[in-house]
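Have a look at the sequence and the model first, then read on.

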Amino acid sequence: MNSSHIQFCDRKSKIDLKQLQALFQVGAFWAEERKIEDLAVAIANSEPVVSVWDKNKLIGFARATSDGIYRATIWDVVIDPNYRGAGLGRKLVETVLSHPRMSRVERVYLMTTNQQSFYERIGFECNSTTTMVLYSQPSISPLPAQIMESQETLRR
Ligand SMILES: CC(C)(COP(=O)(O)OP(=O)(O)OC[C@H]1O[C@@H](n2cnc3c(N)ncnc32)[C@H](O)[C@@H]1OP(=O)(O)O)[C@@H](O)C(=O)NCCC(=O)NCCS
């Protein structure tokens, strides 16, 4: 496939949420059920967010969360099945890694056991030491009084 006309974009405002939902449905088994309004929240709280375009068609997506210096994690890397095997996935991950929020970060994590050899080709290594997880909490207990107080101070 000639991919010279394919464009990469790191503007969040460019993301078409309906197209993103459809891309996840065909290409990302872990994100097939995601709702538009929840995708909007994830995008608002991620940086960078990189999308891949064939004219007006969204054909790839990846995002990261980062503190800019110590730790970052890459999420939701996907290329449309019809466009795979042409080097776009590699360029997508490299575009995420070269963003200013990512390029100085000491450790970049990936929470996936999927497609490991794809990531190994880009330079990632298996890491067995980061294995703990807290699943979403059904009821969040109220904040301790002193934390609420400091949030109030921040708001002022
Ligand atoms: C993983 C994915 C993003 C790769 O995208 P792609 O555009 O096909 O990948 P590329 O063409 O850029 O491949 C880059 C390199 O990885 C290799 N590669 C790609 N997929 C591979 C796989 N499944 N197994 C082994 N190697 C793979 C390619 O051969 C290429 O190697 P090279 O640079 O030595 O030639 C794509 O297959 C995808 O969207 N999969 C479904 C979603 C997913 O599993 N995402 C990852 C988990 S978050």
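## The big picture

Of the 156 residues in the protein chain, 18% count as buried. Here, buried says that 20 or more other C-beta atoms lie within 10 Å of a residue's own; exposed says 12 or fewer, and partly exposed is in between, with C-beta atoms placed from the backbone. Keep in mind that this is a predicted model: local features need pLDDT of at least 70, side-chain atom pairs count only at pLDDT 80 or more, and totals for chains, interfaces and linings use all residues. Residues are numbered from 1 along each chain as its sequence is written.

The protein chain has 5 helices and 5 strands, and from the N terminus they come in the order β-α-α-β-β-β-α-β-α-α. Helices (H or I, at least four residues) and strands (E, at least two) are DSSP runs, numbered from the N terminus. Two residues are in contact if their C-beta atoms, placed from the backbone, lie within 7 Å. Of the contacts in the protein chain with a separation of 6 or more, 57% are between residues 24 or more positions apart.

Let's turn to the strands, which pair if DSSP finds at least two bridges between them. Strand 2 (49-54) and strand 3 pair in the antiparallel sense over 6 bridges, with Val 50 opposite Ala 62 in strand 3. The two strands form a hairpin with 2 residues between them. Lys 55 is exposed, because it has 8 other C-beta atoms within 10 Å.

Strand 3 (57-66) also runs antiparallel to strand 4, joined by 6 bridges, and Phe 61 stands opposite Val 78 in strand 4. This hairpin has 4 residues between its strands, and Gly 68 in the turn has a positive phi of about 90 degrees. How many residues of strand 3 are buried? The count is 8 of its 10.

Which residues of helix 3 (residues 88-98) are buried? They are Leu 88, Gly 89, Leu 92, Val 93 and Val 96. Seen down the axis of helix 3, these buried residues fall within an arc of 135 degrees, so they line one face of the helix; the arc is that of the directions from the helix axis to the C-beta atoms. They pack against strand 2, strand 3, strand 4 (71-79) and helix 4 (116-122).

The largest nonpolar core has 19 residues, and among those with the most contacts inside it are Phe 61, Ile 74, Leu 92 and Val 96. Such a core is a set of buried Ala, Val, Leu, Ile, Met, Phe, Trp, Tyr and Cys residues joined through C-beta atoms within 7 Å. Beyond its neighbours within four places in sequence, Val 96 is in contact with residues including Pro 48, Val 50 and Ala 62. Pro 48 is joined to Glu 47 by a cis peptide bond, with omega about 5 degrees.

## Around the ligand

Of the 18 residues around the ligand, Arg 84, Gly 89, Arg 90, Ser 117 and Phe 118 come nearest; a residue is near if its C-beta atom, placed from the backbone, lies within 6 Å. Strand 4, helix 3 and helix 4 are the elements that give two or more residues to this shell.
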